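Let's take a walk through a protein model together. Keep the sequence and the 3D view open as you read, and look up each part as we reach it.

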Amino acid sequence: MLTVENLEKRFGGIVAIDGASFEVERGSITGLIGPNGAGKSTTFNCITGVHTPDGGTVTFDGTDITGRPPHAVANRGLVRTFQIAREFPEMTVLENMMLAPNDQLGESLWRSVAPVARREVVEQEERVLERAWETLEFFEIDHLAEEYAGNLSGGQRKLLDMARALLTEPEMLMLDEPMAGVNPSLEKKILERVHDLREQGYTFLLVEHDMDVIMNHCEHIIVMHQGSVLAEGDAEAITSNERVIEAYLGGEI
Ligand code: ADP
Ligand code: MG
């Protein structure tokens, strides 16, 4: 579903990604791990068009998306959440949902200035609203719809972030530390939703520090170290890999 080949990204003198190559199989929950500074977030940023890579290619579902801007990548069906959730604190949860980057919504807003097919526009907006509610229900945050996003807990914010990502009707979701700062019951809920969505055919790439989460929920794990891929395989292969153990020396693996 996603192929990254020889990805490179430098920030001035810092080489953040140094020829990383890996694949994410359709329908999988794949984990991307590595010590702090390994280049995981930068890899996410280069894949989703937040940063332009200095080298290499990114292919999604057979299409070269290297260097495409975030909305173009999202329109193709690949969306991500951020390590720090990016909702608008002074808007309600539902308002935040309605702002999710969505082609249909953008189009309907544009068309609402034209008198033609007003009924069609209204119907389309109703569909978007209906989907927003359904998605909030799926994440069990519909009771918070009228709450200001700024009043949500860290975990609820992560759920809102995932709900917004889902509203763009993607095929693949990339989650950057979705469990960071989340209490155990919400963490369980997030993981359940990830598995539900995978059953429905969605593909996941997950960056997560919690090794138990990675080892128990990802069938394929990619280990980054100093900007490139050090090892990949299933949980058993990764935990017994000498180079991985060395890279994490003093860490929790
Ligand atoms: P990870 O997510 O694996 O912890 P990052 O991708 O955030 O790692 O960072 C990889 C390297 O790139 C680090 O050395 C980091 O300091 C550097 N880096 C990341 N983003 C920037 C940036 N916007 N400007 C300068 N350096 C950056
Ligand atoms: Mg990071």
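Start with the open sheet of six strands, whose order is E6-E7-E8-E3-E9-E10 and whose pairing is mixed. Strand E6 (78-80) and strand E10 (228-233) are at the edges with a single partner strand each, so one side of each has no neighbour in the sheet. From one strand to the next, the twist averages 20°.

A few words on how to read all this. This is a predicted model, in which local features need pLDDT of at least 70 and side-chain atom pairs count only at pLDDT 80 or more, while totals for chains, interfaces and linings use all residues. Residues are numbered from 1 along each chain as its sequence is written, chains are lettered from A and ligands numbered from 1 in the order in which they are written, and side-chain values use heavy atoms, with hydrogens and water left out. Helices (H or I, at least four residues) and strands (E, at least two) are DSSP runs, numbered from the N terminus. Two strands pair if DSSP finds at least two bridges between them. In general, strands of a sheet pair through backbone hydrogen bonds, either parallel or antiparallel.

E1 and E2 run antiparallel and are joined by eight bridges; Arg10, for instance, has Val15 in E2 as its partner. Their hairpin has two residues between the strands, and Gly12 there takes a positive phi near 55°. Strand E1 (residues 2-11) is also linked to strand E4 (residues 55-60), again antiparallel, by five bridges, and Leu2 has Phe60 in E4 as its bridge partner.

(Axes are lines fitted to C-alpha atoms, for helices over the stretch in contact, and angles run from 0 to 180 degrees between N-to-C directions; contact means heavy atoms within 4.5 Å.)

What surrounds ligand 1? Its shell (residues with a heavy atom within 4 Å) includes Phe11, Ile14, Pro35 and Lys40. H1 gives the largest share, three residues. By class, there are five nonpolar, five polar and one charged residues. (Ala, Val, Leu, Ile, Met, Phe, Trp, Tyr, Cys and Pro count as nonpolar, Asp, Glu, Lys and Arg as charged, and the others, Gly among them, as polar.)

Zoom in on the oxygen atoms of ligand 1. One is 2.8 Å from a polar backbone atom of Gly37, and a backbone N or O atom of Ala38 lies 3.2 Å from an oxygen atom of the ligand. Thr42 brings a polar side-chain atom to 2.5 Å from a ligand oxygen.

Note on methods. Polar contact = N/O pair within 3.5 Å; in protein donor to acceptor, adjacent residues only side chain to side chain.
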